[in-house]
Amino acid sequence: MTPIEFAEKYGLTVSSPGEGDSREIGGVYCCDLLSMVMGRASENDAFLTVMGNVNTVAVAVLADVSCVILCEGIQLDEPTLEKARAQDVCVLLSPEPTFQVALKLARELGMV
Amino acid sequence: MPSLKLQYQVDGTDFTRAGEASSSVKKNLRKLGMPADIIRKVSICLYEGEINMVIHADGGVIDVLVYPDRIEMILADTGKGIADIDKAMQEGWSTAPDEVRSLGFGAGMGLPNMKKYSDEMRIESTVGVGTTVYMTVRTGASQSA
């Protein structure tokens, strides 16, 4: 399932489409400590967080995740959003808590 | 002789620009056709190093030397230095200020991540003079490739 397909199925807002229609979600990683994400998220993971600053985008690019999903209604500010678009990072927004979004992804990926 | 030599000045005052050097190196390695896992390792090492330079040392200079069989990274700063390198290498140990923590850093993962994702790492540091971190990531190719 691609990030855009996930967004369409569950009604998430596509804040930056990036490569979200061409990459497959390979796994799920939830964390707000960006250094931990750098070291532990796997390539193609969906990265779920409430940390919506410009460094979130940098970490998404360098860790090569398939998308960032900002949970709990967190939004990106305009400069960060511009950076995400410029770097082709797919950013989705959800009003739900991280766990709820992760649970939907886990079901879609056949983990539960 | 390295096949590619890159140098970056890291701006120590602008936290939002941290990652620019790492992103640029990533693009260059992609152009060279490096395997994705090698690029990822180099990116993580450099980004953590960049963040450290911004948090602790008011910036510095990053040199990246690309050889067929390895990528060498040298991160040099003239910051306050590391008093106890063994302690700094422990996961969870950090001297980062609260404003950095509120941005999602300062968890004491930086140097351990650099160690984990590089094949070789060496730190030279003198308190009050600065720190230089040397890291090597092997590409798996032979020297003559």
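How many residue pairs are in polar contact between chain A and chain B? The count is 11 residue pairs, both residues at pLDDT 80 or more, where a polar contact is a pair of N or O atoms within 3.5 Å, and within protein one must be able to donate a hydrogen and the other to accept it, while residues adjacent in sequence count only if both atoms are side-chain atoms.

1. This is a predicted model, in which local features need pLDDT of at least 70 and side-chain atom pairs count only at pLDDT 80 or more, whereas totals for chains, interfaces and linings use all residues. Residues are numbered from 1 along each chain as its sequence is written, chains are lettered from A and ligands numbered from 1 in the order in which they are written, and side-chain values use heavy atoms, with hydrogens and water left out.

2. Between chain A and chain B there are 3 salt bridges, a salt bridge being a side-chain nitrogen of Lys or Arg within 4 Å of a carboxyl oxygen of Asp or Glu. Arg30(B) and Asp64(A) meet through their side chains in a salt bridge, at 4.0 Å from N to O.

3. In contact (heavy atoms within 4.5 Å) are 23 residues of chain A and 25 residues of chain B. The two chains bury about 1,900 Å² between them, 51% of it on carbon and sulfur atoms; buried area is the accessible area (1.4 Å probe) that two parts lose on being put together, summed over both. On the side of chain A, Ser35(A), Met38(A) and Leu62(A) lose the most area to chain B, together 32% of what that side buries.
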